[in-house]
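Please open the model in your viewer and keep a selection panel at hand.

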Amino acid sequence: MRRDKVVATAHEALADVRDGASFAVGGFGLCGIPDVLIQALYDSGVRGISVVSNNCGVDGGGLGTLLADRRIARVTASYIGDNKEFARQYLGGELEVELTPQGSLAERLRAGGSGIPAFYTPAGVGTPVAEGGLPLRHGPDGSVALASPPKEVREFGGRQYVLEHAITTDFALVRAAKGDRHGNLVFNKAARNFNPLAAMAARIAIAEVEELTELDPDEVHLPGVFVDRVVALTPEQAAAKTVERRTTSGPPEQATAKTAGRRTVSTPPEGTAS
């Protein structure tokens, strides 16, 4: 009989997390992020954690809530994004940050979940990504206290490639549009970015699902073998989604130069995909 992986609450699903644990967190910007699990992680009081995610949320949203409370010690991400607190902690020497090309980050997670210890890629050749020197941690005075080491570069077929190591973590937090009791998951459009890869890379993958249902095997994006715990969201939790930047603000005559393009963390209009 296949294992039933449903856990009653997000807090119960995270009951065994400890200080210093590492987490791979799915989503892209604020699209497809596991908001409920992130809040439960915050409520757990855990500190000194390492996070692997495409970015670290925004000020007041997503992983940014943990960052603002000094819960995160290290971040592996592809960019800092529109997060002033992230930038402040990094430049002020309060946070260790490993920046890596976005495609390399995705492949490092996938490799970790596939049992591949390392791989060669052309991304980053001829830059500090390969040559070393990227600031991992700054000093309080803005100096570089810890820099990235150089990476191995080899030539294949007349082209140079840099060696990137796989990423594995203790836990993964992901969000899916649909899931079944055995951990099989389906993601909605751009919310598929990084969520399957994060789950693959973790020793214990926890998924919050907007709809707990039976799935046709042909529609599964991530097999349940990669998922250990499933939390079914309430309709209210499933509907509560945030956006980084609104692209519309009502009729054109209502838009002003002052508000155009401003980042907001708020519930999107009905029908907005996320």
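How many cavities of 30 Å³ or more does a search of the whole structure find? In this predicted model, the search finds two.

Begin with the second largest cavity, which holds about 60 Å³ of space, and select its lining: Val25, Gly26, Gly27, Phe28, Gly29, Ile33, Ile38, Ser53, Asn55, Gly57, Gly62 and Leu63. Coloured by class, this lining shows five nonpolar and seven polar residues, with no charged residue among them.

Next, move to the largest pocket, where about 230 Å³ of space lies. Of the 17 residues that line the largest pocket, select Glu98, Ser148, Pro149, Lys151 and Glu164, which lie nearest its centre. If you then display strand 5 (96–99), helix 6 (128–131) and strand 10 (159–165), you will have elements that each supply at least two lining residues, and strand 10 gives the largest share, with three. By class, the lining of the largest pocket divides into eight nonpolar, three polar and six charged residues.

Now select Arg70, in the loop between helix 3 (64–68) and strand 4 (72–77). Arg70 is not a glycine, yet it has a positive phi of about 60°, and its relative accessibility of 42% makes it partly exposed. For a second case, go to Lys189, in the loop between strand 12 (185–186) and helix 7 (195–201), which has a positive phi of about 50° although it is not a glycine either. Lys189 counts as exposed because its relative accessible area is 65%, and the cut-off for exposed is over 50%.

The last stops concern the salt bridges, of which the count comes to 16. Glu94 is partly exposed, at 36% relative accessibility.

Then select Arg71 and Asp69, whose side chains meet in a salt bridge at 2.9 Å, N to O; here Arg71 is buried at 6% relative accessibility, whereas Asp69 is partly exposed at 27%.

Finish with Lys178 and Glu219, whose side chains meet in a salt bridge at 3.1 Å, N to O. Lys178 belongs to strand 11 (residues 169–179) and Glu219 to the loop between strand 13 (202–212) and strand 14 (229–232), 41 residues apart.

Technical notes:
Residues are numbered from 1 along each chain as its sequence is written. This is a predicted model: local features need pLDDT of at least 70, side-chain atom pairs count only at pLDDT 80 or more; totals for chains, interfaces and linings use all residues. Side-chain values use heavy atoms; hydrogens and water are left out. On a 1 Å grid over the protein atoms alone, a cavity is a set of points where a 1.4 Å probe fits but cannot get out, and a pocket is an open set with protein on both sides within 12 Å along at least five of seven lines; lining residues have an atom within 4 Å of a point. Grid points are joined across faces, edges and corners, and a volume is the space filled by probe spheres set on the points. Ala, Val, Leu, Ile, Met, Phe, Trp, Tyr, Cys and Pro count as nonpolar, Asp, Glu, Lys and Arg as charged, and the others, Gly among them, as polar. Helices (H or I, at least four residues) and strands (E, at least two) are DSSP runs, numbered from the N terminus. Buried means under 20% relative accessible area, exposed over 50%, partly exposed in between (1.4 Å probe, protein chains only). A salt bridge is a side-chain nitrogen of Lys or Arg within 4 Å of a carboxyl oxygen of Asp or Glu.
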